[in-house]
Amino acid sequence: MSGEKNVVGQTEKQETNVLGMMEAMGHEQVMHFNDKETGLKGIIAVHNTVLGPSLGGCRIWNYATESDALWDVLRLSRGMTFKSSISGINLGGGKAVIIGNHRAKHDEAFWRRFGKFVDSLNGKYITAEDVGTSPDIMSIVMQETKHVTGKPMSAGGTGDPSPHTAYGVFLGIKASVKESTGSDSLEGKKVAIQGLGHVGHSLAGLLVKAGAKVYGTDLNAANLEAAIKDFNITAVDPNEIYDLDVDIYSPCALGATLNSETIPKLKCSVIAGAANNQLADENLHGNMLKDKGILYAPDFLINAAGVINCYREVHSLSEQATQLIIENIYQRTLDIFKKAKLEKIPTQEAAIKLAVERIEKEKSKTK
Ligand code: NAD
């Protein structure tokens, strides 16, 4: 049978072992969806619902292959489980990816159909905005399902989570600087930001206000120009960002930018940014950073303010109560550094251990 084409024209060898991947990464459920009429196709992954319904954004991306989309949604949903757990909120981890052109404008029917697929999971997965989607899109999705957050303020939601995420990352940077220098002042500190989109732009503003010298790069010229215009940052070439002699490197673009090629180039003492799944290989690159003496603030720990804000919508929390959970990112980051030091393990490993411990504790209550 090997090499023979199956009904969808794939050879047996090319088939992806979805159940095997779910088993290895601990996923509860993975749903593929396809709608011929609107051209909507994608995957929803529910990683873990022990602490509550799974919540995570819906990303639309031009994935080269279906395997790339699957790998992305599995990794991102697992990260959401850790993010909510470590933040102390009662949500599980989930994510949706749509395979398509993220630059194209999709019509109402497309997004309503997505809402119907979300609704078919009966609340086990709650969606939100992510790369390629927006609060306005969520206001279309909400016509088909109540399991949606990150809605526009005019629709009773909390709007774009990015400024909250940026503030949480800012707190994570301050805690990291405190750990590495003894003071959390950012006055005169040099920070390199990769990606000046929704989060990177707001973060640049907070850093400049705190007295930091900000260097930034973006593949999108308009986003780079906006950061230069608004905050007078220094622009650098995308290929030069890893080589800069800075105190802090802040990845705010895509994942896996901390890898065997980039880590040897880095001259910073702290890495703290918003991008999800920054370490290409958690074990290998977490240890590589530790051995190099670079303090790494785990991404899911410091970029959690967006999901904390979505949690506010799910549980109708007050703004004050939500802000308190967000402000705690500073102390949680210091606690993780302490745990990592004590146990002589990479910070990412320490953060995952703590997140898993909370889930296991909750599980044991129901046994
Ligand atoms: P965004 O799409 O608005 O911005 C990303 C920016 O990175 C874009 O301007 C893009 O052009 C740029 N970029 C991509 N690749 C690049 C490269 N190689 N070099 C330089 N620039 C590059 O996304 P965002 O909402 O700002 O999110 C940024 C990251 O943070 C993403 O990884 C996202 O998953 C993560 N995150 C975002 C939130 C949130 O609230 N928006 C919450 C948690 C995590």
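The ligand is surrounded by 21 residues, the closest being Thr165, His198, Asp218, Asn223 and Ala253. The model is a predicted one: local features need pLDDT of at least 70, side-chain atom pairs count only at pLDDT 80 or more, and totals for chains, interfaces and linings use all residues. Residues are numbered from 1 along each chain as its sequence is written, and side-chain values use heavy atoms, with hydrogens and water left out.

Several N and O atoms of the protein lie by polar atoms of the ligand. A polar side-chain atom of Ser162 is 3.2 Å from a ligand nitrogen. Leu219 places a backbone N or O atom 3.4 Å from a nitrogen atom of the ligand. For Ala274, a backbone N or O atom lies 3.3 Å from a ligand oxygen. A polar contact is a pair of N or O atoms within 3.5 Å; within protein, one must be able to donate a hydrogen and the other to accept it, and residues adjacent in sequence count only if both atoms are side-chain atoms.

The protein is divided into domain 1 (10–77 + 92–155) and domain 2 (162–304 + 332–355). These bounds come from an automatic or database domain assignment. The C-alpha centres of the two domains lie 27 Å apart. Six residues from domain 1 and six residues from domain 2 make the contact, defined as heavy atoms within 4.5 Å.

The area buried between domain 1 and domain 2 is about 440 Å². Buried area is the accessible area (1.4 Å probe) that two parts lose on being put together, summed over both. Carbon and sulfur atoms give 41% of it. Trp61, Arg75 and Leu76 supply 72% of the area that domain 1 buries against domain 2, more than any other three residues. One residue pair is in polar contact across this interface, both at pLDDT 80 or more. On the side of domain 1 that touches domain 2, strand 4 (58–61) and helix 2 (66–86) are the elements giving two or more residues. Helices (H or I, at least four residues) and strands (E, at least two) are DSSP runs, numbered from the N terminus.

The count of salt bridges between the domains is zero. The structure holds 17 salt bridges, each a side-chain nitrogen of Lys or Arg within 4 Å of a carboxyl oxygen of Asp or Glu. One joins Lys95 and Asp130 (3.0 Å, N to O). This pair links distant parts of the chain, 35 residues apart.

Definitions and conventions:
Near = heavy atom within 4 Å.
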